[in-house]
Every structure is written in C-alpha cells, then in structure tokens.
Amino acid sequence: MPPSILSLTISFLAVCSAWFSSAEARPHRRQGSSTSPDFLAAYTVPLSNGTDTLPSPAAGTCLKALTLGRGTQNYTCADSTANSVPVSIGAVATLFDTSPLLPFLPPMEGQEVLDILPSYLVSFPYAALENSSLPVKGHHFFNSAVVPIFDLTSTDVGLLVGSKIGDIAAPTGSTPGPNGVGPGAVDWLALCASDGSSGLANGYRVFTAGGKPPKTCEGQAPTIEVQYAAQYWFYG
C-alpha cells in the first residue's frame with residue numbers, strides 16, 4: 001500500500017467517522033451500550049504468532065475498542081559503547097479508532113485490512129497522522145513507575161493500567177521499521193487490568209511494526225525513540 005493509498009484510507013476513515021456519528025448511524029450500535037457497537041462482536045483478537053499463544057481475554061468480557069496505535073518505543077543508553085544495551089523506558093502512542101471503517105467491510109476483509117495497516121502506518125509521517133481528521137480513540141503512555149497506561153476515557157471506553165500477562169515474539173516477516181528498515185518489530189503483548197483501571201479488563205498489542213531498539217548502544221544518543229505501529233484491542 002503506497003503512501004497515496006494510505007492517505008486515501010485515512011480520508012475514508014475520517015468520512016466514515018462523520019457518517020457513523022450521525023443520527024443515521026445510530027442503529028448500528030448495540031441497544032443499551034454506547035461503547036460496544038454490534039460489528040465489534042464479529043472480531044476476535046489474534047492470539048497466536050504461529051508458534052506461541054497469548055492468554056485469552058477474561059471470561060465474560062467483550063471487545064470494547066479496536067484501535068491502531070502509532071508512536072514511539074523509548075529507550076535509554078548508559079553510554080554510547082557496544083558494551084551497553086538500550087533499556088526500555090516505555091512508549092508513547094496515539095490510538096486511532098478503526099470502528100468507522102469496520103461496518104463497511106465483512107469481518108474477514110476487515111481483519112485483513114487491519115492486519116496490514118500497522119506495516120504502512122509505521123512509515124507514514126506521525127505529524128501528518130496527528131494533524132489528520134482520523135478519529136482518535138485514546139492515548140497510550142507510561143507513568144512515572146514505568147507502568148503502561150491506556151487512556152480511552154475521553155471516548156467513554158475506560159482506563160487500563162496494564163500488567164503484563166503474556167509476551168510472544170512478533171511473527172517472522174513482521175515489518176522491522178519505517179520503509180521496511182529497522183532492528184525489528186516489538187513483541188505481541190497481553191495485559192490485564194491492575195489497580196486504577198476502570199471499564200477495561202484486558203488489552204492486547206498485536207500485528208506490531210517497528211519499535212525494537214538497536215542491539216547495542218554503540219553510537220547512540222542517551223535517549224532513543226524508535227518509531228512503531230500496532231493494533232491495540234481492549235476488552236471489558
């Protein structure tokens with residue numbers, strides 16, 4: 001998918017978002033719930049990389065949000081020699097809403113589209129995404145205790161203070177970074193809710209692109225920001 005096609009996809013998502021928010025779109029939402037549209041029930045988070053498997057969502061939960069994250073994985077280096085390795089200090093990402101697109105596609109086709117998008121989003125200028133009309137579902141960051149936070153409260157989905165319960169390698173062939181160049185794709189993750197969470201029980205990071213640090217700190221700055229994109233699924 002060349003950048004021009006991705007730009008069209010972003011424009012289409014924005015148009016769908018405007019339509020989906022209109023009065024005509026209301027029937028697509030589950031009665032009694034403003035956060036779990038009917039079409040999300042047709043989607044299930046991918047848990048296997050082909051070899052290993054992440055834990056399933058908690059019993060009794062349902063998919064509350066399906067997003068595309070775009071941002072940076074962040075690391076520090078004690079020095080700039082080959083004797084040091086980058087240490088993770090968290091990540092920052094914007095979580096873009098995929099729900100405007102999904103009602104227009106059969107679930108199988110929708111999943112196929114979602115699965116390839118991170119590979120192209122990681123090459124798309126972050127500033128252009130931030131300044132686009134692509135709908136934002138929430139934000140991902142780490143607190144001062146280096147605990148992952150997913151804040152979707154502005155869209156009435158919830159807040160996930162994550163605790164890792166599963167970690168598997170990204171599948172072979174995953175996009176290693178922007179324009180297909182980089183140290184590799186970060187792992188797929190499963191998270192459960194910890195103290196401070198509300199409305200959400202589990203979060204998943206899958207179909208990752210980019211985000212891995214260099215193998216050593218040789219020639220690196222004290223802080224390293226590595227571009228990445230991924231699907232983020234939220235259950236509650």
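**Briefing: disulfide, pocket and cores**

The S-S torsion of C77 and C217 is about -85 degrees, so this disulfide is left-handed. The model is predicted: local features need pLDDT of at least 70, side-chain atom pairs count only at pLDDT 80 or more, and totals for chains, interfaces and linings use all residues. Residues are numbered from 1 along each chain as its sequence is written, and side-chain values use heavy atoms, with hydrogens and water left out.

**Cysteines**

- The structure holds 1 disulfide (a pair of cysteine sulfur atoms within 2.5 Å).
- The sulfur atoms of C77 and C217 are 2.1 Å apart.
- The pair links distant parts of the chain, 140 residues apart: C77 sits in the loop between β1 and β2, C217 in the loop between β7 and β8. Strands are DSSP runs (E, at least two residues), numbered from the N terminus.
- C77 is buried at 9% relative accessibility, and C217 is buried at 0%. Buried means under 20% relative accessible area, exposed over 50%, partly exposed in between (1.4 Å probe, protein chains only).
- C62 is partly exposed at 35%, as is C192 at 24%.

**Largest pocket**

- The largest pocket has a volume of about 440 Å³. Of its 24 lining residues, Q73, S88, F142, L189 and R205 are the closest to its centre.
- A pocket is an open set of points on a 1 Å grid over the protein atoms alone, where a 1.4 Å probe fits, with protein on both sides within 12 Å along at least five of seven lines; lining residues have an atom within 4 Å of a point. Points are joined across faces, edges and corners, and the volume is the space filled by probe spheres set on them.
- β1 (63-76), β2 (87-97), β3 (136-142), β4 (148-152), β5 (158-168), β6 (188-193), β7 (202-210) and β8 (223-235) each supply at least two lining residues.
- β2 gives the largest share of the lining, 4 residues.
- The lining has 14 nonpolar, 5 polar and 5 charged residues.

**Nonpolar cores**

- The largest nonpolar core has 20 residues; L95, F150, L152, L160, Y228, Y232 and F234 have the most contacts inside it. Such a core is a set of buried Ala, Val, Leu, Ile, Met, Phe, Trp, Tyr and Cys residues joined through side-chain atoms within 4.5 Å.
- β8 supplies the largest share of this core, 6 residues.
- Another core, of 19 residues, lies apart from it, with L40, L63, A170 and W233 among its members.

**Positive phi**

- D156 has a positive phi of about 60 degrees although it is not a glycine. D156 lies in the loop between β4 and β5 and is exposed at 57%.

Conventions: Ala, Val, Leu, Ile, Met, Phe, Trp, Tyr, Cys and Pro count as nonpolar, Asp, Glu, Lys and Arg as charged, and the others, Gly among them, as polar.
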